[in-house]
Amino acid sequence: MASIHFSCYFQYTYDKLFLFNDLILSGNLFKGKGAMDKRTVLFVIGLSLTLFLVNIFFQYQNVQKKQEWLSHQKTKEAHQQIKETPKENPSHEEVQAAPISIRPTKKMDEKFYVLENDYQQLVFSNYGAALAEINLPFHTKENPNSVVREIEFDRDMIKEHPYNAYFPSVPYYTPTTSDQKNPLHHQQGELGGYYPLMRRNLTEKSPRQSIRIKPQYYALNIVSEYPEHAEMVYEVKQFNHTSITFEATQQHRRITKTYTLSDSQHQEGPYCINLEIKIDGDGRGLWLTSGVPEAEWISGALAPSLKYRLTRNQKSEVEKIEFPKDTATISSVYLDWICNSNGFLGMIIDPLTEIDPGYRVQYVSGLAAPSRLIEFDEINDRFKPANLPGYMTLLPLKAQGGTMKFRLFAGPFDTSILKGVDTLYSDSATNYNPDYIACQTMHGWFTFISEPFAKFLFILMNLFHSLTDSWALSIVLLTISLRLMLYPLNAWSTKSMVRMQQISPEVTALQEKYKKDPKKAQIEIMNLYRERGINPASGCLPLLIQMPFLIGMFDLLKSSFALRGAPFIPGWIDDLTAPDVLFRWKYPIFFIGNEFHLLPVLLGAVMFFQQRLMATGPKDPNLMTDQQRQQRMMGSVMTVVFTVMFYNFPSGLNIYWLSSMLLGMLQQWSATRKLQNQPLSVTAPAKYVEKKGKLKK
């Protein structure tokens, strides 16, 4: 959409930079035909400054409040640590009150039990009575309820590493209708058909060693400072198609965990599961884990996100959690929920009953819990385990034990899904809303500016998707709608460039005439612009107004789950959030890799022809001045730079940019055809003279 302005910037702003400066200094930016109305410019500048200052003000207020609150929390924690520091010679009463050392029940082989519905395949382990795997079925004709689509990594895993594409990845049991005490045993899972939401076991061929994920990284495991507690063996007490109950007994406590899926009597939201924990005895020092989400490769990088929601003064706030280098613990805040996301999908743990205050975030090395990405292009060592770390969040259980209830959302952070879950669990009588939609994260460097624009653009994109049922066509229609909304600005800019092209021979003649006197050339060119009613700055100023839309569109295409796995042309553009792949080869080339992406090449070609179409100098290179040749060379270099820059960008972004440039070329051609036969108006000449190094009228 703004490619026409970027071309403007590189094509003719280069030799107009000093002229624009002179316009500002001389006050003639708002004079003459084609100039901007002063009140309009002042309104736009005033509005932009107002919005910017308001945004800065609220950001400052939020940061100040957050710093005060964190300072208060750290002070309380410091006092708490002083109180809890063990004495060298504790008394008998203190020894009796100390936390009990946890010892697991008798060690036995690890067994796995599976519950499954249209949204999840839940693989429970008897170690910790926790979730070893959470596998999400793909959207198919047989299962239209799921919104998770298959992507390139899923297809490649089946082709190249089928031994790691079974779901579950371990032998497992499923319930039977007739005999709950003797569940049905399965030696192997199903090949493909699922997305692994959590990092799980990886089978490797020699000389690489297979990797087993430790139970301490399972989801909804109960862990403590004693590592062996994560592998405590539980006994299955009840197992049917919608629930499973585990129980473990220790010397000073008994723990019972019951998981329940949605059924006819207990309607739960999609991708939701309920957990009830009952602790008879001491519950001090126990934490509930979220597990480690599988890594998502978004626009050439990882995009994890950690958030929590709390309620202060009857007002809910959602805060981002900084990524720790090791382990970070906050012990004096009561959370509504905590979220652990890989950017597109993740887990939300929502305590439905009272638990102890605080939370913990743990850094998990990619060596301790490797991502499945290390399997891809392993010959060239494309993904290194050390470069793919993860994070795990933990919530404290009640120290005095008792019954605690939790809701776990484990699935895609899709707008329609999260809004549906929020609606289901909202309570109008108490004004309660879980607000899971706040777990979505906008990825980008300028999200504080782009997020409102991105939300507006996504509303339009959803509208177009409801009409076309194609996200790629929705992007094209969105680009057209943005062109229409910003048509006055684009038309103003295009008209200015066409007029610049029309007087280009005269500008060239003046530059040639005063080749030895650049200052004199500037004065004469300024006089020429004044006579012809052209404002050289008008072509680039609209870019400032369009920038928030551009950044918003860029961030939207990187952050919307709805586009993940959305195809356009099967076999070429299979995922709008990933680069298009026309064909591959075995050994990578520097920067290009081992895949050929056609869309960036087409984008570069269109950009090259667009610059030739919009060039303000003569078409014959022999008639160009040295400055014009330099400008043309710069345009060619920028074409290569943009092609390289966009080579690994998502295909959806390339489609948007390509559509925008084609529409810009169409608008340029139409404006040129319309204006080329219209003579330029000539105003009364207002001569500029050089005075003390500046242009004065």
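Gln 314 sits in the loop between β17 (305-312) and β18 (315-320), where strands are DSSP runs of E of at least two residues and helices are runs of H or I of at least four, both numbered from the N terminus. Its phi is near 65°, a positive value in a residue other than glycine. Gln 314 is also exposed, at a relative accessible area of 82%; exposed means over 50%, buried under 20% and partly exposed in between, with a 1.4 Å probe and protein chains only. The model is a predicted one, so local features need pLDDT of at least 70 and side-chain atom pairs count only at pLDDT 80 or more, while totals for chains, interfaces and linings use all residues. Residues are numbered from 1 along each chain as its sequence is written, and side-chain values use heavy atoms, with hydrogens and water left out.

Ala 129 makes a handy counterpart. This alanine has a positive phi of about 50° although it is not a glycine, and it lies in the loop between β2 (121-125) and β3 (130-137). Ala 129 counts as buried because its relative accessibility is 0%. For background, most residues other than glycine have a negative phi, and most peptide bonds are trans. The peptide bond from Phe 167 to Pro 168 is cis, with omega near -5°. Pro 168 belongs to the loop between β4 (166-167) and β5 (172-174).

On the whole-chain level, there are 15 helices and 28 strands. Buried residues account for 50% of the 697 residues. Taking contacts (heavy atoms within 4.5 Å) between residues at least 6 apart in sequence, 72% join residues at least 24 apart.

Now for the helices. Two packed helices are described by the angle between their axes and the distance between the axes. Helix α8 (residues 471-485) packs against helix α15 (residues 651-675) at an angle of about 40°, the axes being 9 Å apart. Axes here are lines fitted to C-alpha atoms, for helices over the stretch in contact, and angles run from 0 to 180 degrees between N-to-C directions. That angle makes α8 oblique to α15: under 35 degrees counts as roughly parallel, over 145 as roughly antiparallel, 65 to 115 as roughly perpendicular and the rest as oblique. The crossing of α8 past α15 is right-handed, meaning that the near helix is turned clockwise from the far one by less than a right angle, with anticlockwise being left-handed. On the α8 side, the contact involves Ala 472, Ile 475, Val 476, Thr 479, Ile 480, Leu 482 and Arg 483, and α15 brings in Gly 652, Ile 655, Tyr 656, Ser 659, Ser 660, Leu 663, Gly 664 and Gln 667. Sorted by class, the residues of this contact are eight nonpolar, six polar and one charged; Ala, Val, Leu, Ile, Met, Phe, Trp, Tyr, Cys and Pro count as nonpolar, Asp, Glu, Lys and Arg as charged, and the others, Gly among them, as polar.

Helix α8 also meets helix α9 (residues 487-502), their axes coming within 5 Å and crossing at roughly 70°. This makes α8 roughly perpendicular to α9. Arg 483, Leu 484 and Met 485 of α8 touch Tyr 487, Pro 488 and Asn 490 of α9. The class count for this contact is four nonpolar, one polar and one charged.

Asn 342 is in the loop between β20 (335-341) and β21 (345-351) and counts as buried at 4% relative accessibility. Its side chain makes a polar contact of 3.2 Å with the side chain of Tyr 195. Such a contact is a pair of N or O atoms within 3.5 Å; within protein, one must be able to donate a hydrogen and the other to accept it, and residues adjacent in sequence count only if both atoms are side-chain atoms. A polar atom of the Asn 342 side chain also lies 3.1 Å from the backbone nitrogen of Phe 344. Beyond four places in sequence, the contacts of Asn 342 include Tyr 195, Pro 293 and Glu 294.

Tyr 195 turns up again among the contacts of Asp 154, alongside Phe 138, Arg 149, Tyr 194 and Arg 372, once neighbours within four places in sequence are set aside. Asp 154 is part of helix α5 (residues 152-160) and is buried, with a relative accessible area of 5%. The Asp 154 side chain reaches the backbone nitrogen of Ile 151 at 3.0 Å.
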